[in-house]
Amino acid sequence: MLFSRLLIPTLKENPAEAEAVSHRLLLRAGMIRKLASGIYNYLPLGLRVLRKVERIVREEMDRAGAQEVLLPAVQPAELWQESSRWQVYGKELLRFKDRHGRDCCFGPTHEEVITDLVRKEVHSYRQLPLNLYQIQVKFRDEIRPRFGLIRGREFIMKDAYSFDADEAGAEACYRRMYDAYNRIFSRCGLSFKVVEADSGPIGGSFSHEFMVLADTGEDLLASCTSCDYAANLEKAEVAPAPGSPGPPVGDAPELAPTPNVRTVGEVAAFLKVTPADIVKTLIYETDEGPVAVLIRGDHDVNEVKVKNLLGVTDLILAGLIRVQELTGAEVGFAGPVKLKLPIYADQAVARMTAMVTGANRDNYHLKQVNPGRDVKITAVADLRSVTEQDPCPRCGGVLTILRGIEVGHIFKLGLKYSKALKATYLDQEGKEQYLYMGCYGIGVSRIVAAAIEQGHDANGIIFPMALAPFQVGLIPIALNDPAVRECVESLHADLEAAGVEVLLDDRDERPGVKFKDCDLLGLPFRVVVGAKALDKGQAEVKERGSNETKFIPLKELWDYLGKLIQEGARGNIIS
């Protein structure tokens, strides 16, 4: 392929709009261009990378026994109303009316559509198991799209849905998908970790996320250094402390004046205690009414855990006026004693014996508050985010907090959608049974960005061999030299005939510009042919990300490159 015939509008400067490394480099490399907030055009090189990801995904899904379909992007509201998600999904669901006034949405996911298809076509146990997948455009109307392809509004996703006769069959399919996902991300050349995860708005009883490890990742995960336990921070369990709390301290809570002292840090300094001695009383509005959540002062509340405990869809921190209405005090002075709300305490709070809390009175706190004696607790649970100071909940080992980018998520849906949409089959005895379902998603376009977040340097992208738009950048020095031109054209033809993906930079540009663009595009190998090296029958070869340059005899070039390309692509075949 000739550089001059491709649309590759590279940029020298960093675009002001780009926050993430991948966003900046995809724009600079001329692989994407913004159309609207969170919506991008894919240019030729960006599309080549995307298609490579799609090919790997298709091959492994097919290998796992899944069948490809293509479902409509526009979905009727009636299906979402059947599953009850029309009301609860949130503003990310792009709703609109067609010309006849019928409510529709642009699909952010396809559980309802695939379940509707299967309930109409599958009637007998003889048609099971079934696993259907698609690669298609999705749309989620993010309130603040950011980081380019990492969190856009429109994106390309692979979503698969399995249907089984029973829970054992569903579990077996889940394991096949788990293994297939490991092969997919290994073949893409990514360093990743599989973590336990919250199922979120998709629902279901259990799920795993596949996280590409990157310092710039927006997701946090806890990983044990001694065993294989790993979980998204939203899901990561806090191991309960051994033993039981000691006896109450003091006869009753002690009122302490704390004028204009509101934050944990301020209260700790004023009363000469530590943040671990203080309990925060957080007031939340939910779709079931207001509640209070108690968290130790040195811990952070985990709102996903709170939502799961309460079984609610909406969980919003109450505003200043609402806090005053419910507690009688301004924010910073709310406390649990005599508070007439359901109170949910983190397990660390339940173990305390002399805590400091707000007094529900402006400019006052209470000391020597004992949860079992002074606070009417509705329930105790793990409601906080894990930290590196916590032991592993499985083996007691050391936890480390890592950053990652979610690129895949698999769910055990069970009967959630089949019951809602009445998707059934007849078993061997002719009895009607609900289908057991699973759901398996991969962010195809997000993989492109995640690979760049993981592989880059000051000069540009460092693509894994499996994803690079071309394997070799062929750069002539002085293309107007007949000997150089003849050599590079011959090399170009021979390498392409041998199955090597080559980008011949035939532009009338200075060598330095060509070198910089080759690095920027992330091509794994740069082959330079100039008059001096040609006189010696050699070409200059440099591997992307390496400072070492080698001079290889032209007659040995294909064998040399072929071996390196094969080594670089060894992840393309997973047994």
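Guide: A disulfide is taken here as a pair of cysteine sulfur atoms within 2.5 Å. In this predicted model, a search of the whole structure finds zero disulfides.

Visitor: What is the case for Cys395, and which cysteine sulfur is the nearest?

Guide: The nearest sulfur is that of Cys224, at 3.6 Å, and since a pair must lie within 2.5 Å, Cys395 is in no disulfide.

Visitor: Why is Cys188 called buried, and Cys395 partly exposed?

Guide: Cys188 has a relative accessible area of 0%, and buried means under 20%, so the label buried applies to Cys188. Cys395 has 41%, which falls between the limits of 20% and 50%, and Cys395 is therefore partly exposed.

Visitor: What makes Ser445 buried?

Guide: Ser445, which is placed in helix H13 (residues 444-454), has a relative accessible area of 3%, and the limit is under 20%, so Ser445 counts as buried. Beyond its neighbours within four places in sequence, Ser445 is in contact with residues including Tyr42, Leu50 and Phe155.

Visitor: Why are H2 and H13 called roughly perpendicular?

Guide: Helix H2 (residues 44-63) packs against H13 at an angle of about 115°, with the axes 9 Å apart, and because 65 to 115 degrees counts as roughly perpendicular, the term applies to H2 and H13. Their contact involves Val49, Leu50, Val53 and Glu54 of H2, and Val444, Ser445, Ile447 and Val448 of H13.

Note on methods. Residues are numbered from 1 along each chain as its sequence is written. This is a predicted model: local features need pLDDT of at least 70, side-chain atom pairs count only at pLDDT 80 or more; totals for chains, interfaces and linings use all residues. Side-chain values use heavy atoms; hydrogens and water are left out. Helices (H or I, at least four residues) and strands (E, at least two) are DSSP runs, numbered from the N terminus. Buried means under 20% relative accessible area, exposed over 50%, partly exposed in between (1.4 Å probe, protein chains only). Contact means heavy atoms within 4.5 Å. Axes are lines fitted to C-alpha atoms, for helices over the stretch in contact, and angles run from 0 to 180 degrees between N-to-C directions. Angles under 35 degrees count as roughly parallel, over 145 as roughly antiparallel, 65 to 115 as roughly perpendicular and the rest as oblique.
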